[in-house]
Amino acid sequence: MVTNPYPSDGTDIARILDDEQTRLRLDRSGMFRLVEAFGAQCREAVELSRTYDPGVRRGEIRSVVITGLGGSAIGGDMLRAVASPYCDVPIVVNRDYGLPAFVGPQTLVLAVSYSGNTEETLAAYTVARQRRARMVCISSGGELSRRAQADHVPAIGVPGGQPPRASTGYLFFPMIRVLEEAGVLERSLQSDVAETLDLVDELSQELKPQVGFQENAAKTLAAEIFGRVPVIYGTADYAGVAALRWKTQINENAKCHAFAGTFPEVNHNEILAWEECRRQARRWVVVFLRDAEEEQATPRMARRVAVTRRLIGRKATQTEVRSRGSSLMARLFSLIYLGDFASCYLALLNGVDPTVIRGIDRLKAELAKLK
Ligand code: PA5
């Protein structure tokens, strides 16, 4: 059960987030260690990717589908966001048992399941095989890797033993390699990868637990969100992916509700919900995830954000963060990584272990009992 054991006093929150004993007591499974070492994981994933042969050749592919769920699907959204601007073919993310009707022999299906045992992904794998799609499986083992081996489907094995959502580097970078090998990208993304790796290392130094509350953007964000319902808005396509990641990380790590949306879509529906929500939104906080160069690069988007912020006014607390880096990939990772840390700090304030996901485990166990 999530309890809020701490008084909502800024000083206490700062003290709790800076206290190593509190962190060690709650973070029994070592999520902070994994988040801090994310840069090393990304570097390892890039190195491992160089050794894979995805078995897909240039000119064979007309569409790409990434199929997976939860922590294994978000890498697909990330891939779509950073690769689509340079990709000759559509990239679609699928989170279901089935696959869209267009999937066929000229579709590259990337079946991604960190555990290798997610039933929806295994079902989609079967459908992809029936449709004779080109396939690459990515997992740390489990049934997916067993089936891939038996069916002679190319498979990428990634290091196992950690939560899927803490393995985004392992799951994301091999997909970049696969797209490059498939020849569907107009340009290599390797310079983006290099920038991203350096930026993640830099951010790790800024956001790690040893950096005190006043200087640590992830801790101050967690403090702003604590005790409130966060509504995360991404003000660009890639920032919308980051917003979804923030939402799911807050759900899974901090065990509390969060909602995500993307501009400009929210301007066509959700904006109205702010008109009459004074009572409802008293304990909400809106976090805008914005592009570093929004005002110069997309002035109309900046104007949309300004108008929306005015409309929300004092009905809810508002805060914003800016992406960093120059490539789309680096900017996306900068927002995602900040949210990963913030969700873990929020877990400490909520008094919960960020790693434990009893609800998901229980649901999977119940489903496993059904034939
Ligand atoms: O973060 C998690 O643990 C979940 O969202 C899982 O990723 C999800 O349940 C799917 O499992 P897997 O990633 O092993 O396919």
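**Strands, helices and confidence**

Colleague: What is the bridge partner of Gly-234 in strand 7?

Modeller: Gly-234 has Thr-262 of strand 7 as its bridge partner. Helices (H or I, at least four residues) and strands (E, at least two) are DSSP runs, numbered from the N terminus.

Colleague: How many bridges join strand 6 to strand 7?

Modeller: Four, and strand 6 (residues 229-234) and strand 7 run parallel. Two strands pair if DSSP finds at least two bridges between them.

Colleague: And what order do the strands of the open sheet come in?

Modeller: The order is 7-6-8-9, four strands with parallel pairing. Strand 7 (259-262) and strand 9 (317-322) each have a single partner strand, so one side of each has no neighbour in the sheet.

Colleague: Switching to helices: is helix 15 mostly covered or uncovered?

Modeller: Mostly covered, with 22 of its 23 residues buried, meaning under 20% relative accessible area (1.4 Å probe, protein chains only). Gly-351 follows helix 15, and its phi is positive, near 75°.

Colleague: What about confidence, what's the mean pLDDT of the chain?

Modeller: It's 95, and 97% of the residues reach 70 or more; pLDDT is the predictor's confidence in each residue, from 0 to 100. Over residues 1-5, though, pLDDT stays under 50. This is a predicted model, so local features need pLDDT of at least 70 and side-chain atom pairs 80 or more, while totals for chains, interfaces and linings use all residues. Residues are numbered from 1 along each chain as its sequence is written, and side-chain values use heavy atoms, leaving out hydrogens and water.

Note on methods. Contact means heavy atoms within 4.5 Å. Buried means under 20% relative accessible area, exposed over 50%, partly exposed in between (1.4 Å probe, protein chains only).
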